[in-house]
Each structure stands twice: as C-alpha cells, then as structure tokens.
Amino acid sequence: MGSSAEETGLARLAATVERLRAELDEARRAADDRALVELAKGILVERLRCAPAQAAAQLATLAARTGRSLTELAADVVNRTTPDAVTDRVTTPTADAEAGGGAARVRLRTAESAALGAADVQAAAHAVLETALLPIGATAVAVWAAGPDTSLTLAGHAGFGAEEAGLWRQVPPGLITPATSTLLQRRTLWHDRPGPPSIGRHQLTGGRVTALARVAGRVLGVLEVCWPEDHPQPTPRLEHQIEALADLCALTLNAPGPPGHADAALAELAHLADSLPDPAFVLVPHLDPRGDVADFRIHHANGPAAVRAGGLLLEAYPFAAGELLARVEHVHATGEPFHAADMSFTATSASGVSITRHGGSVLLVRRDLDDQARLLEHAQRLGRIGGFEENALTGEITWNAQMFSLYGLPPDARPVPLERLRDHVHRDDEVAVGLFLRAVLHHRRPAATAFRLERPDGVARHLRVVAEPAFGPDGRLTAVRGAYQDVSPQHWTEVALAVTRDRLARTERQSAARNRLALQLQHAIMPPSHGRMDSFGLRIAVRYRPAQKEDLVGGDWYDAVVLPSGCVLLSVGDVAGHGVEAATGMVVLRNALRGLATTGGGPAQLLGWLNLVARHLADRMTATAICGVYDPATRVLRWARAGHLPPILLRRARGTELPMVKGPLLGAFADAVYEEGRLQLEPDDTLLLYTDGLIERRDHNLRHAQDRLLAVASRTATTLDHRLDDLLTHCNSDTDDDTCLIGVHVR
C-alpha cells in the first residue's frame, strides 16, 4: 500500500515538473514573441512618427485585416524595413515561393531575439533549438568555435547530455567530422546516416546538416543540427534558414571585449607593423550594405609602405583585385596564414607576401624582390635550370634550390659531387657522362653533355649539363661551375622529329641500322659494363667504353669466367679494324677461347690454338690478346700475351707493369710460339688488364702513355669500381677507339 502511494506521489511530482517546464518554455516563447512585436512597434514609431500606443493599434489592425498572427506580421515589418543577413536568407524569391515561408520568417526573427538576449553561447544554442529547430523536427544542436588550425571547440549545445558534451569538448586538427568537413570546404553540407563520427552519434543516428557561422566574412565556427531520423529533404528555403541560424550563433561567438579592447588591439598591431623592415599594412574589412566583405580598408601602413591610411586596398593596388584579395579574404575568414614568394601588386612588379589574421583585422607584409634577382629566379624556374659550384680547394659544394628539385632531393640533402655524377645516370649514358667528366676534371676545359638522370623517386629526367673550370691567378684550379637544365620536353620533341626524318630518309636509316647492328652484336656478346664477380677470393669489375663514333665500332673484348677445373679465365683482346667485320671477329675469338680453355690447357697453349683459329678459321684476321688463368687455391696467375700491352699490378700503393713475355699477334704467323709468365698474387693486390683504347694518343709515344696510366692507377681509390671509373676519366687517350678494362682485386 505504501509502495503504491509512493509511486503515485512520484508520478504526480513528475507531471508537475513537466507542466512547469512546459509553462516555462511557453513563457520563454511568449517573451521572444513579445520582443519581436516590440521591435516592430519601435520601427513603426520611427517610420510613422507616432506614439507607441498608436503603433500597437496599427499592428493589431493590420493583423486583423490580413488574417495573420501578430508575431508573423511583426516579422514581416522587421524583414521589410531592416536589410540584414537574416532578411537576405528568408526573403529570396525562392524562399517566398515555397510553402511555409511566413512561418520560417517568424521562427528566424524569434530565434534572433532569443539569441541576442542569451547570456552565453550555451543559452543561445538552447534558444535556437527551441524557437527555430524543434518546429522542423530537429532534436539537438551543437555550436562549434573554430581555431585557425581547423580544430574545433564545443562552445554551446542543446539536446545532448552533459557527459556526451564533455567527451566532445575539443576536436583536434585532422579528425574528420561533419563540422570539420564544412570548415574545410567552406559550405553547408548535408550528412546522411551513419555519417562520420560526431557528438551524440551513438544516440542520434539520423541525418545532420552543418553550416558556417560567420560575422562580417569571418568564419568563427560551425552550427551542427541533428535529426533523430533522416534529415528533411534539402531545399533552398531550408538551407537559407540553417545558414541564417548559423550566423545568429556567430554573433554569440563574437562577443565583444571590454570597452576599447578592439582599438587597443589595432594599436598594438600597428606598432608591430612599424617594427617590421618590409612594407606592412593593417587591414580591416570594409562591408557592403548587406554586411558582406567588399574590400579591406588600410587602417595603418608603416613607413616603407608609403600608402595613405584610410583608403581601400583596391584603390591603392587595383591589381590586387584577383588572387591577392581572394587570399586576404580567405585568411580573414578562416584564420589560416598564407605565404607566397611571388604575387602581383602592380602591373609591373611582384612581391613576396605574408598574410595573417589578428582578431578581426589582417596583417599584410610585402617583401619586394630585387629586380635582377627576381628576373634570374624567374629565368631559372621557367627554364628549369639549376646552378652549382664546387670549390676545388675546400671541397665545398653549393647548389641553388632548383638543383635539389631537378635531382628530386629534399632541400636539406647533401649535394652530389660532379665526380660522382656517373652513379646517378642511366647505364646507357655512362659513357657520355664519363667523357664529359674527363674533359672537365682531367683536361680542365669547358664541356657539355646530355644524359638521363635516375632520381631516388623513380622518375627519369633528360638533363643537359654544362660545366667549366675556374682558375686562380697562379693557374691553379679553384672551382668548377656549371648548370643543369631539364630538357625532357625538348628531348621528346627531338624524338618526334627524328621519327619523322627517319620516315623521309630510308637510306639514312639503313646506314644507321648497319652501325647499330655492329653495336648490338658487340653488346650482345659482352658482359654488362658494370658486371662484377665476387667469389673465389676475387672481386672482379669490368668496364667497356665504345668508340665515340658509331661507325668506328671495334673488336675489343673482355672475359672473366670460372672454368670446370675451378680456375678463373681472365682475358682481354682487340681485333684489328672497325665495323661489323671486327665485331664478328671478336665474337669468334672470344667464344673460341672460352671453348679451348675448358680443355685445361695453360695460357701459352691456349694462345697458340687461338692463333690457328685466327689464321685459318676467321678469314686471316689479326688481333692482340692477354690470356690469364688464376688458381684460387695457390693464388698463382699464369699468363701469356699475343702482341698486347702487359697487365699492371698494384701492390702497396705502387703500380708496376708485368714483365713483357714474348708472343706475336694472333693470326700473324702460322708457327707462332707464346711464352708463359707466372705471378704470385698477395692479399689486397689489384691487377688491371686493358686494351690500347685506354691510353692511345696520336701526339705522344706509347711509353709516355703507359707512364701516365701507371701514375693514374697508383692514386688512392675507395672501391674497385671507383678506381676503374677514374681510369676511364683521367687516362690521356684520343677516345676514338673502343676500350676494355678489367680490375681484379685479391681479398
């Protein structure tokens, strides 16, 4: 019995609380309606110059004649006599034509009265929900304050519990929610369910709408409206209402500071502008009659600016009407700072700019560029040219910004030395780059070449490099200066033109095809230029440099192969002559030597047999050759020569030629006899085998060229590959003949 009485008492108490809450809500709505009616009465007093009682009677009479409520008539009076953002939202032709337009106007004006009378954003959110959103089915609302980094702070809410609001007190940058999407896209967005995460999403799973909350063009936050089910069908009238409510919420977010606060902030910003060495402007928004930003007024300009304060930005700089004004508007609206190295201020000049927002004003800093520096920068950027300088005395390398862009490297990366350019080019272009480096670094004369650069990001670009050495008063090399240019578009244009020329010149194509056939035959039989062997206690690296002219393709060959006996065959050779005949002769002799070596014969015996092949089976060709057989177990190298230059031994930083054992040219004599030499190799020894294309010159004798080769080979090198690259770069040859080079390092 007692329990039933308690339940009845609780039910009555709950009903009383609910009745009092409803009465309170009704009183609030009535107060909001009265505020709107009083506003309309004040307008009539001012317009009709009558007493308040007469204005009230006039409103009542008009309401009776038109059959409309007093509140709706008051909203129409305010809308027609007060052009503002709310009026613009609800008096468009589209909104007037739609059903419910009058009710929308009443709701918005009532919401405006309630929001303006609210003590804080929280109270404004409740007022907006109760007066304007509940009638259209919405059950919750959130007002977000926007930070300059796209972060959001929950400034007010209604329809959500305190615990849920506490969880969503702060939304960090980078988290995609309905409100941040609107903030990033700067437009009203309708979100279907389930949608991205947001406040109350696990309770209110229906649709949502988010709109920017703006005051005088500044985006202060976002209004988020939630429905328990699907949101209503978006219409222009409904979207105008939501945007008008968002702007009303922005008024509460833009609460004024203490008296004089805005003036003090502008004064501080003006002092900051005066302390800057560059021209600076303090800009405040200039609004049109509807309250939209039309321009920016120059509130203050520092000494270097030399522009009259008080004028409009577009009056002082008409060319700012394009991108510059749009950037200033964006910074003022969002608070996101903007920086640019080049932006037009006048018809003849451009400057770097920095734009930041400070409260309701904008600081614009202009950095004028030196004319010559600006023109040079434009030329380098448009021509895709990067400059460099390498100090030959200190080793310091200086690159401009375009160089890092061409190489695909970050600005803080270590510049690539010119000496190591070969490590970054396409394999097919290593020969051309090697010749360029030899001309600049060894012969010390200006040179240029084109090549394909292989960047770390996988992009291949066609570049042209030009370099020249610089000398001091005493004739010493002090620096190497030059430039790279990205010629990829020109390259593809040249390719297209070459295809066209090929179609018109069939005979020329056939001739070029013959030369290419010789090169392809040579490349098909030769191991790759960067082929290497790293076994049997040896590290073997090879290089092949073809003749500069395709019609001079020769018969140079090299070989390094493991024999069935476990020994290693090392050979180089040079067939006399050029062209297809020399290339095919090279194929015959190289393959024949490989086959003969499987018999286990010594180097002298192998050259004797190879002499018979050259004389009787290869149309009596002549050739020079070195044949060596290395035994990994004993580290003994047996070798023989057929008219070829002797190998070079590098031991303990000293280079020497091996003894000149006897042996005539291959194919010269039918009964040729070859002498065999033996060499005991030691750990860290390096053996170099090469053809005469490495050192041959027309203006020097052979002994002088061999001495030069010994001097270059004796230089310190970090790796075997770098030693071979340096030999190709610095050895003093005419480079009009093929070159083969084998390096053998004993570990």
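How many disulfides does a search of the whole structure find? The search finds zero disulfides, a disulfide being a pair of cysteine sulfur atoms within 2.5 Å. The model is predicted, with local features needing pLDDT of at least 70, side-chain atom pairs counting only at pLDDT 80 or more, and totals for chains, interfaces and linings using all residues. Residues are numbered from 1 along each chain as its sequence is written, and side-chain values use heavy atoms, with hydrogens and water left out.

Buried denotes under 20% relative accessible area, exposed over 50%, and partly exposed in between (1.4 Å probe, protein chains only).

| Residue | Relative accessible area | Class |
|---|---|---|
| Cysteine 226 | 0% | buried |
| Cysteine 249 | 2% | buried |

Helix α22 spans residues 720-730, and eleven of its eleven residues are buried; among them are Leu720, Arg723 and Asp726. Helices (H or I, at least four residues) are DSSP runs, numbered from the N terminus.

Helix α16 (residues 430-442) packs against α22 at an angle of about 70 degrees, with the axes 8 Å apart. Axes are lines fitted to C-alpha atoms over the stretch in contact, and angles run from 0 to 180 degrees between N-to-C directions. The two helices, α16 and α22, are therefore roughly perpendicular, a class covering 65 to 115 degrees. On the α16 side, the contact (heavy atoms within 4.5 Å) involves Gly434, Leu437, Arg438, Leu441 and His442; α22 contributes Leu728, Thr729 and His730.

Conventions: Parallel < 35°, antiparallel > 145°, perpendicular 65-115°, else oblique.
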